Amino acid sequence: MSLKIGLIGAGFMSGVHRANLERDDRVRISGIYDVDPLRAGALAVASVDDLLEASDAVYVVSPNTTHVDMAMKALAAGKHVFCEKPMATTLEDAQRLHAAARASKTVFQVGHNRRFAPVYKNVKKLLETSPAHCAHIKMNRGELLNPAWVGDAAVTGGFLFETPIHMFDMMRFLLGEIVSVQARESRKDDYSMLVEFDGGQHATFVTSADTSWFFPYESVEVYGEYSTIRTEEMEKLEWRIGLDKPTSVENFANLTREEKWGFAEEDRLFVDAMLAGSKPPVTSYDGLKSVEMTMAVYRSAREKMAVSLEL
Ligand SMILES: NC(=O)c1ccc[n+]([C@@H]2O[C@H](COP(=O)([O-])OP(=O)(O)OC[C@H]3O[C@@H](n4cnc5c(N)ncnc54)[C@H](O)[C@@H]3O)[C@@H](O)[C@H]2O)c1
């Protein structure tokens, strides 16, 4: 018997998840709800309620500020939920959704896909042999023009919720719990941060929204004892661990986008968790922590002071 999965939203990310799910024999797409029914095509349903009625699980892939209401509704109906990032765009909403997800008997997974990108999985593996001391990170966007709503803070929650939130989650994944952040901003779209972790490590992180698509717009450098690990996008990993060792290189450019960006594995693992009744690989707590960090950066930049993370 296949799992019936519906999608809320019929845009770019809906298409990415749908294609992965259609390749999975364990799944049947039960319908698609979009405010614009034409975008949902042949699988369109008339309402979220109709979609929930027809589904065991839903993907919330509508714009950011719609996620909480959709996800809360699906949990209340006893459905499994895959919620794209950001899980919410206020701390209160993230806490409310986290509480509902914890209380539910269903699986709730957040779309922090980079955890499943081979480049970052391999960085994490390398850090087991050569622990991090500090790091230098950047994550830029080329523009905030496409799709049109990504430049509208009323729909995204703000630039940090749209793009850098990926790296807030990645910093936790690679370096440990974030305990404090000191940030500066200009134009609400350029940020510099000094981030401290619970193990004593620290990192600098710079992000800017409209730098043109200059490659690599995303990179992580992690430094340890006689060691440097460096990524370029999700395309390439280079590392040198040990003073007399050569530099090693691993290239992921030839993988499909779904594999390279971690989308294929996150969808596979969501289905695994639903079938096994097990904990998903990215939980509502992970989603909450990335929202907490986002809010901490906004506050630190506004008040020009270090902000602690305490949840
Ligand atoms: N994990 C990633 O790497 C990644 C990448 C891109 C986008 N995203 C996230 O995925 C979500 C969707 O982004 P996208 O790029 O697919 O956007 P998109 O604009 O391509 O698609 C959004 C769709 O949602 C529909 N929609 C708008 N309001 C709705 C509502 N109230 N109910 C139902 N449908 C509604 C729109 O008509 C549109 O078809 C966003 O939250 C975004 O942050 C994640």
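Let's start at the ligand. The shell of residues around the ligand splits into nine nonpolar, eight polar and six charged. Keep in mind that this is a predicted model. Which residues come nearest to the ligand? Of the 23 around it, those are Gly9, Gly11, Phe12, Met13 and Pro147. And which helix gives the most to this shell? Helix H1, residues 12-22, with three residues.

Stay with Pro147 for a moment. A cis peptide bond joins Asn146 to Pro147, with omega at about -5 degrees. Pro147 sits in the loop between strand E6 (134-139) and helix H7 (153-156). Now look at Lys85 and Pro86. A cis peptide bond joins these two as well, and here omega is about -10 degrees. Pro86 lies in the loop between strand E4 (80-83) and helix H5.

Why point these out? Most peptide bonds are trans, and most residues other than glycine have a negative phi. That brings me to Ser212. Its phi is positive, near 75 degrees, and Ser212 is not a glycine. Find Ser212 in the loop between strand E9 (202-208) and strand E10 (218-224).

Next, the domains. The domain assignment gives domain 1 as 3-113 + 264-281, and domain 2 as 114-256 + 291-308. How far apart are the C-alpha centres of domain 1 and domain 2? They lie 26 Å apart. Where the domains meet, 16 residues of domain 1 are in contact with 18 residues of domain 2. On the domain 1 side, H5 and helix H11 (263-276) each supply at least two of the touching residues. By class, that side has seven nonpolar, six polar and three charged residues.

Now helix packing. Two packed helices are described by the angle between their axes and the distance between the axes.

Pair one is H4 and H5. H4 covers residues 67-76, and H5 covers residues 91-103. Their axes are 10 Å apart, at an angle of about 15 degrees. H4 and H5 are therefore roughly parallel to each other. H4 passes H5 in a left-handed crossing. Who touches whom? From H4 come Val68, Ala71, Met72 and Leu75. From H5 come Asp93, Leu97, Ala100 and Ala101. By class, this contact has seven nonpolar residues, one charged and no polar.

Pair two is H5 and H12. The angle is about 170 degrees, and the axes are 9 Å apart. H5 and H12 are therefore roughly antiparallel to each other. On the H5 side we have Leu91, Ala94, Gln95, Leu97, His98, Ala101 and Arg102. They meet Ser284, Tyr285, Gly287, Leu288, Val291, Glu292 and Met295 in H12. By class, the contact has eight nonpolar, four polar and two charged residues. Notice Leu97 and Ala101 of H5. Both meet H4, and both meet H12.

H9 is residues 165-175, and H12 is residues 284-303. Their axes come within 9 Å and cross at roughly 115 degrees. This crossing is right-handed. H9 brings Ile165, Phe168, Asp169 and Arg172 to the contact. H12 brings Asp286, Lys289, Ser290, Met293 and Thr294. By class, there are three nonpolar, two polar and four charged residues here.

To recap the pairs: H4 and H5 are roughly parallel, H5 and H12 roughly antiparallel, and H9 crosses H12 at roughly 115 degrees.

Note on methods
Residues numbered from 1 in each chain as written. Predicted model: local features only at pLDDT ≥ 70, side-chain atom pairs only at ≥ 80, totals over all residues. Axes fitted to C-alpha atoms, helices over the stretch in contact; angles between N-to-C directions. Helix = DSSP H or I, 4+ residues; strand = E, 2+ residues; numbered from the N terminus. Parallel < 35°, antiparallel > 145°, perpendicular 65-115°, else oblique. Left-handed = near helix turned anticlockwise from the far one by under 90°. Contact = placed C-beta atoms within 7 Å. Nonpolar A, V, L, I, M, F, W, Y, C, P; charged D, E, K, R; others polar. Near = placed C-beta within 6 Å. Domains from an automatic or database assignment.
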